[in-house]
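I shall take you through one protein chain, region by region, and I ask you to keep the display in view.

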Amino acid sequence: MNEDFFILMGVLLAAVLLATPIATLVLTLRQRRLSARVAKLEAALEAALAGPAPAEAPRAEPLPQPERPPADMIEAVGPWARAGRAAASPSPEAPDPRETALSEPDLPGPASGDLPPPDRARPEGPGQITALSLWLRSNWAFTLSAVSLALAGIFFVQYGIEQGLLPPALRVAAAIGFGGALVAAGEWIRRRGGDGEEAPALLLPSTFSAAGLVSIYGGIVAGRLLYGLYGPELTLVGLVATTLGAVLLGWRHGPFLAAMGLVGAGAAPFLVAGGQGATAALYPYYLLVAFLGLAVDAFRLWRWVSVLALVIGTGGAFLMYLGGAGQGGWALTLVALVLLAVVVPGRAPVPEHAAPAPSERLTAVLLARGADARPRLSVPVRLALGMVAAASFALWYTVEGFWSFGTLAALSVGLVVLSLRAPGIGDLALLPAAAFLLRLWTDLWMASQFTGLALGSRPPETSPPATVTALLTLAAAMSVAFAGRAFGSVRRPLALGAVLTAPVAAALLEFRWAPGLVLGSLPWALHVMAVAALMTWFAVRWSRLEDRRPMAWAILSALASVSLALFLLLDAAALTLALAVLVVAAAWLDRRLRLVEMGWFLQAGVAAISYRLVVDPGLVWARFAPALPMLAAFAGAIAAVVGARRLLPPERRLERAVAESAAAAWAALLVNVLLTRRFPLIDPIESVNTHWFLTLQALPWLVVAGAQVWRIGAGGRIDLLRRIVAAGAFALALMPLGLAVTTANPLGAGLRGEILGLPLLDTLLLAYALPGALFLLGARHLPGLGRLRGALAALGGAFLLLWAVLEIRRLWHGPRIDAPGVLQGELYSYTVALLAGGAVLLWQAVRLRSELLRRLAMAVLALTVAKVFLWDAAGLSGLVRVLSFFCLGLVLAGMAWLNTMVRRAMAGDQGRS
């Protein structure tokens with residue numbers, strides 16, 4: 001005990017030694033200031049008693065002005081702001097008007113009626129970070145002093161615990177009394193020497209008062225958490241009283257006291273309890289800390305104090321949550337912090353934040369394209385935006401289960417209510433709604449727990465859980481709130497949120513939670529239809545507005561919800577027909593209302609129907625399904641897009657082109673399906689490796705590629721997307737076509753290469769002549785091919801040549817053409833075919849005046865002559881050889897004469913041109 005006594009005496013002696021020079025400095029400064037003022041007053045008095053000089057006109061000597069404004073008014077500006085102005089170095093010829101106003105000698109402290117508005121513009125100068133660094137560079141000693149004094153009070157409590165010097169009640173009272181003494185000392189120094197960088201006492205009053213507040217906070221928290229001396233009610237009363245006192249002191253002393261008080265109050269529970277006091281009772285405590293900073297800053301307008309208060313309040317509550325204080329209190333604390341950030345900075349129980357809203361600011365920045373976009377967000381709006389964003393992220397990432405969903409929905413609806421008279425925060429409610437939807441997609445554990453209660457997994461005669469119903473109800477409540485607030489400058493953002501929140505929630509639940517397995521398809525579809533009915537009500541409600549966009553969005557959302565419900569209930573053919581009906585409805589609405597959004601839905605509907613016809617259930621279903629449902633699906637879809645094309649307004653050129661291309665593509669697919677169903681003789685498993693089936697697989701992709709190229713012409717990114725889609729479809733078509741030419745070619749495919757059908761009307765025509773003809777037609781008629789036109793024509797010619805060769809061999813060998821060797825008559829047939837092909841090419845050259853076709857025709861004739869002399873002549877003899885060469889000579893002579901005439905005619909045409 002003696003050792004402890006000597007340690008205590010040493011600490012007191014050190015305090016006296018430190019306080020002595022400080023007190024000496026304060027007294028010296030005060031004495032100098034008083035001496036200067038007395039000298040000025042004496043000089044003024046002597047000038048007044050001397051009277052006017054006889055040779056001069058009377059001149060009044062001005063009264064001496066005080067060297068500095070009162071301390072209260074200096075702190076209204078704030079030391080950090082003065083540090084920023086000092087860094088900006090304003091010229092003495094242009095003083096700051098606010099400094100001029102503050103230099104009036106008889107002004108009292110700022111009255112509540114003369115407070116500046118909370119949205120006033122900030123003075124020009126360096127940013128807050130620069131001002132803070134400059135201020136700390138000049139006043140770091142005061143900061144460390146306040147920290148040391150605050151720690152002294154807290155360590156005194158810990159020392160009493162460790163040594164057992166005093167009873168618990170006296171320890172708490174000593175800590176509170178020590179803090180009160182520091183606050184009283186600070187106030188005494190302020191009254192006699194002012195407070196601020198320009199006052200004789202500098203920042204000593206704020207230093208002592210801030211340390212005292214921290215000690216008082218620590219004593220109150222220690223009495224509750226460590227000793228249990230009083231209940232939560234008395235603790236709350238003490239904290240509230242201390243907070244009110246801190247607000248008053250911060251108002252009088254300045255931002256330094258407010259900052260030190262906030263930091264100390266935030267750290268007090270950890271310093272007192274040693275990290276072992278994580279309890280839900282501290283959630284209200286950190287709300288009070290946040291309220292302290294926001295309340296002071298709401299009137300003094302330092303702004304950085306509000307940010308510091310929200311950071312300390314949120315951070316302290318988060319540490320309590322990590323320490324095991326419970327996620328319920330953490331979630332409610334976040335909601336309460338948002339409420340404080342919205343209400344307190346505006347100094348009004350009903351927020352009245354002025355426009356612009358964040359969405360308006362974002363739109364202005366995007367439209368300005370780098371220029372200075374105005375107006376800017378006011379400071380209260382920025383505070384609210386930052387806190388709402390932080391709370392939404394925390395509720396999504398750190399809170400689980402219904403606490404997350406419920407608080408996010410409540411926060412969204414609450415922000416809508418708070419923004420009824422505050423257009424500046426009208427769209428902040430969209431942030432927690434977005435977090436709600438993101439939580440629906442990312443909460444895999446809750447989704448798996450729900451899916452585990454499927455109809456076949458839970459006990460019989462048990463009702464399904466209402467989880468999905470509750471979640472969809474929360475989403476619908478947010479949509480209704482957004483629709484009710486969709487007026488004024490934030491009409492479109494909130495209308496968009498209204499038509500997206502509930503339908504997107506239904507879609508996310510369907511694809512992530514699989515509610516149909518738990519509730520049943522019909523009950524879940526009824527949920528989705530209720531969402532569609534809600535969207536329809538929105539459309540009717542907004543139909544009286546001059547702005548047609550909200551109504552159009554509501555109609556789109558209703559149609560999409562109906563599509564999802566039909567997807568849940570109907571089979572393959574019925575769902576395709578239902579989508580086709582929706583496409584026609586969209587075209588009719590576009591014709592009646594001239595809404596461009598209906599064109600978007602039409603394109604999306606065409607894409608969805610194309611997916612169903614090609615992929616799911618796709619061509620496999622169409623080949624083996626009953627004929628009537630298959631024909632109904634394809635014919636109904638084709639009739640729908642044809643009718644939609646006729647209903648669309650003339651100015652919808654893109655949508656009309658989409659409808660035309662879809663009708664052509666689906667008609668080609670229907671023909672493909674009918675051709676596939678026409679050949680039932682080959683086993684369905686083996687038929688996938690035949691030349692004709694592979695080509696049938698390629699034809700739909702060729703049609704899709706051609707349709708995409710045909711639609712090129714709108715310009716911009718749409719054309720780029722269409723080229724990419726066309727290239728992908730063409731690549732998918734080339735894969736089965738390459739197999740049909742190589743491994744599935746009847747020349748070497750064995751039994752799988754057997755040719756079906758009559759000569760010239762067989763599978764060879766389907767497998768090789770049809771794609772060759774499509775290639776040639778595309779090369780001639782499709783726009784936008786550029787240099788690919790010649791390559792596509794050459795590919796088509798190659799396929800037709802292959803078809804001619806295989807067809808001739810089939811005429812001589814029958815359905816199986818994989819036998820070795822070539823018959824003599826087959827050779828002659830090839831020669832006749834070459835001569836006929838050359839003649840056709842030469843005829844086309846004459847008709848089209850094409851030099852390229854003329855040269856190609858002569859090349860074919862040269863190939864024919866080489867074949868005859870090098871191959872056919874070896875198998876001829878006697879009169880047959882004589883007759884063959886005689887006929888060949890006559891044909892060649894005639895074609896040579898014709899070629900010469902064609903060349904001269906073409907040369908004459910070029911000369912005349």
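Let us begin with a question: where is the place of Pro-356? In this predicted model, Pro-356 sits in the loop that runs between helix H12 (327-343) and helix H13 (358-368). The peptide bond leading from Ala-355 into Pro-356 is cis, and its omega is near 15 degrees. The loop between H12 and H13 also holds Arg-347. Arg-347 is not a glycine, and yet its phi is positive, at about 55 degrees. With a relative accessible area of 28%, Arg-347 is partly exposed.

A cis bond is also found from Asp-616 to Pro-617, here with omega near 5 degrees. Pro-617 belongs to the loop between helix H24 (596-614) and helix H25 (618-624).

Of its 913 residues, 43% are buried. If we take the contacts between residues at least 6 apart in sequence, 73% of them join residues at least 24 apart. The chain exposes about 45,100 Å², and 69% of that area is supplied by carbon and sulfur atoms.

How many residues does the largest nonpolar core have? It has 155, and among those with the most contacts inside it are Tyr-285, Phe-436, Leu-440 and Trp-513. Helix H10 (residues 282-300) gives the largest share of this core, namely 12 residues. There is also a second, separate core of 24 residues, which includes Trp-692, Leu-785, Leu-806 and Ile-817.

Why is H10 described as largely enclosed by the rest of the structure? The reason is that 16 of its 19 residues are buried. Leu-301 follows H10, and its phi is positive, near 60 degrees.

The next helix I wish to show is H16 (residues 430-442). It has 13 residues and reaches 18 Å from its first C-alpha to its last, close to the expected 18 Å. Its buried residues are Pro-432, Ala-433, Ala-435, Phe-436, Leu-437, Arg-439 and Leu-440. When you read such a list, please recall that an α-helix has 3.6 residues a turn, so residues three or four places apart point the same way. And against which helices do the buried residues of H16 pack? They pack against four elements: helix H14 (379-397), helix H15 (401-418), helix H18 (467-485) and helix H19 (491-513).

We met Trp-513 among the core residues with the most contacts. Setting aside neighbours within four places in sequence, Trp-513 is in contact with residues including Phe-405, Leu-440, Met-446, Phe-450, Thr-467 and Leu-471.

Ala-514 is found in the loop between H19 and helix H20 (515-519). Its phi is near 50 degrees, a positive value in a residue other than glycine. Is Ala-514 buried or partly exposed? Buried would require under 20% relative accessible area. Ala-514 counts as partly exposed because its relative accessibility is 22%.

Pro-515 brings us to a pair of prolines: Pro-464 and Pro-515 are 51 residues apart in sequence, and their C-alpha atoms are 9.9 Å apart in space. Pro-464 lies in the loop between helix H17 (444-451) and H18. Its relative accessibility is 34%, and therefore Pro-464 counts as partly exposed.

Let us move to the surface. Leu-522, Leu-526, Leu-569 and Leu-570 form a nonpolar patch there, and together they have about 360 Å² of accessible area. One of these, Leu-569, lies in helix H22 (residues 549-569). Leu-569 is partly exposed, at 44% relative accessibility.

My final stop is helix H31 (residues 788-813). Its 26 residues reach 37 Å from the first C-alpha to the last, close to the 38 Å expected at 1.5 Å a residue. The buried residues in H31 include Leu-792, Gly-796, Phe-799 and Leu-806. Just after H31 comes Gly-814, with a positive phi of about 90 degrees.

That concludes my presentation, and I thank you for your attention.

Conventions. Residues numbered from 1 in each chain as written. Predicted model: local features only at pLDDT ≥ 70, side-chain atom pairs only at ≥ 80, totals over all residues. Heavy atoms only, no water. Patch = residues over 30% accessible without salt bridge, like charges linked within 9 Å, V, L, I, M, F, W, Y side chains within 5 Å. Areas by Shrake-Rupley, 256 points an atom, 1.4 Å probe, with all protein chains shown as cover. Salt bridge = Lys/Arg side-chain N within 4 Å of Asp/Glu carboxyl O. Helix = DSSP H or I, 4+ residues; strand = E, 2+ residues; numbered from the N terminus. Buried < 20%, exposed > 50% of the residue type's maximum accessible area, 1.4 Å probe, protein only. Expected span 1.5 Å × (residues − 1). Contact = heavy atoms within 4.5 Å. Core = buried A, V, L, I, M, F, W, Y, C linked by side-chain atoms within 4.5 Å.
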